[in-house]
Amino acid sequence: MKIEKGVPIPPGRRSKYPWKEMDIGDSFAAPITGTARQGLVRCSQRAGIKITTRKLSSGLIRVWRIK
């Protein structure tokens, strides 16, 4: 194998949710899938924030940042 120097590391995976832009009390709506809520909670925990979710009659989940 050839050793190469100076090759930059590509950026890591970005969250598809806007955690970093959200202030406490902000919310967004997301489509419901089988494991949507668990995935949202896991992603928010990695970002260091706390959320709450509610199922909407439109078939979406509304996600609020609470801490």
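The buried residues of α1 are A36, G39, L40, C43 and S44. The model is a predicted one.

Visitor: What makes these buried residues of α1 line one face of the helix?

Guide: Looking along the axis of α1, you find its buried residues within an arc of 130°, so they line one face. In general, an α-helix has 3.6 residues a turn, so residues three or four places apart point the same way. On the face turned away from the buried side, α1 carries the exposed residues Q45 and R46.

Visitor: Which strands do the buried residues of α1 pack against?

Guide: They pack against β1, β2 (51-55) and β3 (60-65).

Visitor: How do you know that the span of α1 agrees with what its 12 residues should give?

Guide: At 1.5 Å a residue, α1 should span 16 Å, and its end C-alpha atoms are 17 Å apart, so the two agree. Just after α1 comes G48, with a positive phi of about 80°.

Visitor: Why is S44 called buried?

Guide: The relative accessible area of S44 is 1%. Buried means under 20%, so S44 counts as buried. Its side chain has a polar atom 2.8 Å from the backbone oxygen of V41. Leaving aside neighbours within four places in sequence, S44 is in contact with W19, I49 and I51.

Visitor: And A47, why is that residue called partly exposed?

Guide: A47 lies in helix α1 (residues 36-47) and has a relative accessible area of 32%. From C-alpha to C-alpha, A47 and W19 are 6.8 Å apart in space, though 28 residues apart in sequence.

Visitor: Let's turn to the rings. How many aromatic pairs does the structure hold?

Guide: There are three. One of them joins Y17 and F28, with 5.8 Å centre to centre and 20° between the planes.

Visitor: What makes that pair of Y17 and F28 stacked?

Guide: Ring centres must lie within 6.5 Å to pair, and planes under 30 degrees apart count as stacked. With 5.8 Å and 20°, Y17 and F28 are a stacked pair. The pair links distant parts of the chain, as Y17 sits in the segment before β1 (27-31) and F28 in strand β1, 11 residues apart. Together with W19, these two residues form one aromatic cluster.

Visitor: How do you know whether Y17 is buried or exposed?

Guide: Y17 has 17% relative accessibility, so Y17 counts as buried against the limit of under 20%. F28, at 13%, also counts as buried.

Note on methods. Residues numbered from 1 in each chain as written. Predicted model: local features only at pLDDT ≥ 70, side-chain atom pairs only at ≥ 80, totals over all residues. Heavy atoms only, no water. Phe/Tyr/Trp six-rings, centres within 6.5 Å; stacked < 30°, edge-to-face > 60°. Helix = DSSP H or I, 4+ residues; strand = E, 2+ residues; numbered from the N terminus. Buried < 20%, exposed > 50% of the residue type's maximum accessible area, 1.4 Å probe, protein only. Polar contact = N/O pair within 3.5 Å; in protein donor to acceptor, adjacent residues only side chain to side chain. Contact = heavy atoms within 4.5 Å. Expected span 1.5 Å × (residues − 1). Arc of directions from axis to C-beta.
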